[in-house]
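Please look over the sequence and structure before reading on.

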Amino acid sequence: MSLPRYFRCQEEGSVLVVEVLRPVGSLAEQDVMRELDGIIAITAEQSTHKIVVDFHQTSYFGSSLLEALRIIWTKIEHHEGRMVLCNLS
């Protein structure tokens, strides 16, 4: 399994912390989509519906990251999930 390039995930109790590691400008890149699919798989497999997205390692993100956040949100909202964004610049 390859190392994460854009997102690092860590479970802390019942919360999934998703750390944005670098600017995400295009969801067209295969590795970004693969990592996004991995996050969605974690939420499905672990029944994790509480997500914190931590931006402390990046000061820029494009509309494609907003789309990624929307995709994650639509997956967890049906289970009364919550998503919090922190350390935004």
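The sulfur of Cys 86 lies 13 Å from the closest cysteine sulfur, that of Cys 9, which is too far for a bond. This is a predicted model, and a search of the whole structure turns up zero disulfides.

**Cysteines**
- Cys 9 takes part in no disulfide, and its nearest cysteine sulfur is that of Cys 86.
- Cys 9 is partly exposed, at a relative accessible area of 30%.
- Cys 86 is also partly exposed, with a value of 24%.
- A disulfide is a covalent bond between two cysteine sulfur atoms.

**Helix α2**
- Helix α2 runs over residues 63–77, and its 15 residues should span 21 Å at 1.5 Å a residue. The end C-alpha atoms are 21 Å apart, in agreement with that expectation.
- The buried residues of α2 are Ser 64, Leu 65, Ala 68, Leu 69, Ile 72 and Ile 76.
- Viewed down the axis of α2, these buried residues fall within an arc of 150°, so they line one face of the helix.
- An α-helix has 3.6 residues a turn, so residues three or four places apart point the same way.
- The packing partners of the buried α2 residues are β1 (7–12), β2 (15–20), α1 (30–45), β3 (50–54) and β4 (82–86).

**Nonpolar core**
- The largest nonpolar core holds 18 residues, and Phe 7, Val 20, Val 24, Ile 51 and Leu 65 have the most contacts inside it.
- Two or more residues of this core come from each of β2, α1, β3 and α2.
- Helix α2 gives the largest share, five residues.
- Beyond its neighbours within four places in sequence, Phe 7 contacts residues including Val 18, Val 20, Val 24, Ile 39 and Leu 65.

Methods:
Residues numbered from 1 in each chain as written. Predicted model: local features only at pLDDT ≥ 70, side-chain atom pairs only at ≥ 80, totals over all residues. Heavy atoms only, no water. Helix = DSSP H or I, 4+ residues; strand = E, 2+ residues; numbered from the N terminus. Expected span 1.5 Å × (residues − 1). Buried < 20%, exposed > 50% of the residue type's maximum accessible area, 1.4 Å probe, protein only. Arc of directions from axis to C-beta. Contact = heavy atoms within 4.5 Å. Core = buried A, V, L, I, M, F, W, Y, C linked by side-chain atoms within 4.5 Å. Disulfide = S-S within 2.5 Å.
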